[in-house]
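I opened my notebook beside the model and went through it one topic at a time. Here is what I looked up, in the order I looked it up.

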Amino acid sequence: MKFGSMLKDISQALVQQPATEQYPSVRRPVPERLRGRLVWNPATCTGCGLCATDCPAKAIELLVLDKKAKRFVMTYHIDRCTFCAQCVQSCRQGCLNMAANHWELAAFDRDDFLLRWQSAPESG
Amino acid sequence: MQTDTQRERFTIPIGPQHPALKEPGHFRFSVDGEIVTGATVRLGYAHRGLEKLAEKQNWVQNIYLFERVCGICSHTHATAYCLGVERLAGVIAPPRAQAIRTLVCELERIHSHLLWLGVSAHEAGFDTLFMYSWRDRETVMDLLEALTGNRVNYSVNVLGGVKVDVTEEIAQAIYKGLDFLEERTHHYLQVVSSDASFLQRARGVGVMTRQQAEVMGVVGPTARASGVTRDIRIEAPYAAYADFPPQVIVDERGDLEARFVVRLKELLESYRLVREILARLPEGELTVRMPRRIKSGETVSRVEAPRGELFYFLKSNGTDTPVRVHARTPTICNMTSVVRLAVGHQLADVPLILAGIDPCFSCNDR
């Protein structure tokens with residue numbers, strides 16, 4: 001038995017840099033796979049709605065105006081999203097992705113958490 | 001002044017909000033001076049009705065619901081659920097997916113045990129160990145974030161496989177992180193078995209004999225610290241544990257020191273297992289096709305969470321939503337031991353005895 005078995009760690013800490021990070025003045029690089037907010041590419045979307053069906057938090061609403069003309073309105077509630085990426089997995093067309101660079105999502109206004117995208121059909 | 005009075009006995013209520021733990025639980029200790037003479041526990045303050053909610057959601061949505069039963073062993077819950085649903089559907093996930101599930105299970109065990117080491121050291125008044133173990137825990141959290149995309153709710157599992165693959169770059173990062181953690185764990189093992197002031201709090205305190213552990217149905221590292229050789233990873237191997245068997249860490253002493261030693265040695269065993277999985281990761285697909293409607297029937301699924309045996313019961317009626325999902329978590333099995341072991345100890349030892357089982361109230365209450 002001995003006293004102060006971590007004395008070496010404590011004395012070393014005097015010359016070490018702090019382990020905490022200096023956010024927000026210093027931002028560490030984001031891992032490639034980090035799940036940030038959702039990005040929708042309407043070009044390949046077929047309007048099947050599986051993303052909305054499988055979403056555990058009901059964060060996605062897909063309004064199909066005209067399936068043939070590919071006119072969809074996608075509403076994404078960032079404040080409901082749990083960032084599980086099941087929608088990305090469920091989408092067979094690969095038109096959903098979770099952007100690694102969009103991770104600072106705090107906002108003062110609740111309206112900022114609502115994203116609405118509209119597909120741009122080729123004609124009309 | 002009366003000298004020959006019968007000593008008064010007090011009952012001390014602690015909780016639901018209490019200084020020792022960050023989670024709610026109510027305890028009543030009857031004390032004679034400083035010595036605890038009786039204890040009762042009341043749980044359920046963190047009940048969120050998840051099992052009922054599961055009956056309203058489809059099988060896919062429920063993966064993420066059960067992942068959120070616990071903030072520490074989230075992957076273990078999702079794995080237990082997914083393995084159960086796959087068994088009901090008669091689908092087996094590909095070997096690479098099973099190995100990646102096992103890999104994340106072990107990385108999660110590392111993060112859970114390091115977290116527990118910090119919390120318990122804090123309860124023992126050893127805050128230096130708490131700060132250092134939590135600093136080191138960031139290493140494995142960063143590895144999990146790089147591998148899966150999130151620090152806590154990894155969302156690795158899908159029905160029929162996993163979402164993420166292990167690249168060579170990530171494997172190298174894991175090897176490097178584990179080398180650092182292994183060195184630190186050896187150091188902590190030496191600290192908890194030699195530091196004089198720490199041993200005064202842990203050695204010979206809260207002793208649970210093997211017989212007591214078996215009678216109370218204690219599970220996980222708490223049981224293994226009392227000499228009970230019980231581990232679901234070996235008794236009923238799931239995922240890829242049949243190909244990568246762990247070694248059971250057992251200690252016969254049954255006191256708090258043994259619980260520290262067992263969990264730290266389990267960390268070393270997890271490092272070995274992670275390295276072995278990375279070295280022999282099977283090739284192949286990550287997912288197989290799953291039906292959206294699950295065949296009617298019922299099944300049980302057992303996995304070894306960082307705290308002990310986790311048990312899931314699933315029942316389907318052939319639709320895309322479950323009829324019943326029930327989870328029994330290791331904390332409820334271990335909680336009886338706290339109430340029993342606290343008797344005869346000083347009141348000041350109780351927080352450490354409670355922390356010794358690694359309680360998780362949000363798991364327990366669901």
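**Two helices of chain B, H4 and H5.** I began with helix H4 (residues 95–123) of chain B in this predicted model. H4(B) packs against H5(B) at an angle of about 160 degrees, and their axes are 8 Å apart. An angle over 145 degrees counts as roughly antiparallel, so that is how I logged H4(B) and H5(B). I noted the crossing of H4(B) and H5(B) as left-handed.

Next I listed who makes this contact. From H4(B) I wrote down Val104(B), Leu107(B), Ile110(B), Leu114(B) and Leu115(B), among others. H5(B) contributes residues including Phe130(B), Trp134(B), Val140(B), Met141(B) and Leu144(B). The contact of H4(B) with H5(B) comes to 14 nonpolar, 5 polar and 3 charged residues. Among its members I also marked Asp127(B), Asp136(B) and Arg137(B), which sit on the H5(B) side.

**A second pair, H2 and H3.** I then turned to H2(B) and helix H3 (residues 74–89) of chain B, which pack at about 150 degrees with axes 7 Å apart. This pair is therefore roughly antiparallel too. The crossing of H2(B) and H3(B) is right-handed. On the H2(B) side I found Trp59(B), Asn62(B), Ile63(B), Phe66(B) and Glu67(B). H3(B) answers with Ser74(B), His77(B), Ala78(B), Tyr81(B), Cys82(B) and Val85(B). Sorted by class, the contact has 7 nonpolar, 3 polar and 1 charged residues.

**Where the chains meet.** How many residues does each chain bring to the contact? I read off 26 residues from chain B and 20 residues from chain A. On the chain B side, the elements giving two or more residues are H2 (59–67), H5 (127–148), H6 (168–192) and H7 (196–202). H5(B) gives the most, with 7 residues. That side of chain B has 11 nonpolar, 11 polar and 4 charged residues.

**Helix H12.** Helix H12 of chain B covers residues 330–342, which makes 13 residues. From first C-alpha to last, H12(B) reaches 19 Å, close to the 18 Å expected at 1.5 Å a residue. I checked which of its residues are buried and noted Pro330(B), Thr331(B), Cys333(B), Asn334(B), Met335(B), Ser337(B), Val338(B), Leu341(B) and Ala342(B). Just after H12(B), Gly344(B) has a positive phi of about 95 degrees.

- Ser155(B) is not a glycine, yet its phi is positive, near 50 degrees. I placed Ser155(B) in the loop between H5 and strand S4 (157–158) of chain B. Is Ser155(B) buried or exposed? A residue needs 20 or more other C-beta atoms within 10 Å to be buried, and Ser155(B) has 26 such neighbours, so it counts as buried.
- Arg366(B) also has a positive phi near 50 degrees, in a residue other than glycine. I found Arg366(B) in the segment after helix H14 (361–365) of chain B. Arg366(B) is buried because 22 other C-beta atoms lie within 10 Å.
- In chain A, a cis peptide bond joins Tyr23(A) and Pro24(A), with omega about 5 degrees. Pro24(A) lies in the loop between helix H1 (7–13) and strand S1 (38–40) of chain A.

Conventions
Residues are numbered from 1 along each chain as its sequence is written. Chains are lettered from A and ligands numbered from 1 in the order in which they are written. This is a predicted model: local features need pLDDT of at least 70, side-chain atom pairs count only at pLDDT 80 or more; totals for chains, interfaces and linings use all residues. Two residues are in contact if their C-beta atoms, placed from the backbone, lie within 7 Å. Helices (H or I, at least four residues) and strands (E, at least two) are DSSP runs, numbered from the N terminus. Ala, Val, Leu, Ile, Met, Phe, Trp, Tyr, Cys and Pro count as nonpolar, Asp, Glu, Lys and Arg as charged, and the others, Gly among them, as polar. The expected span of a helix is 1.5 Å times one less than its number of residues. A residue is buried if 20 or more other C-beta atoms lie within 10 Å of its own, exposed if 12 or fewer, and partly exposed in between; C-beta atoms are placed from the backbone. Axes are lines fitted to C-alpha atoms, for helices over the stretch in contact, and angles run from 0 to 180 degrees between N-to-C directions. Angles under 35 degrees count as roughly parallel, over 145 as roughly antiparallel, 65 to 115 as roughly perpendicular and the rest as oblique. A crossing is left-handed if the near helix is turned anticlockwise from the far one by less than a right angle, and right-handed if clockwise.
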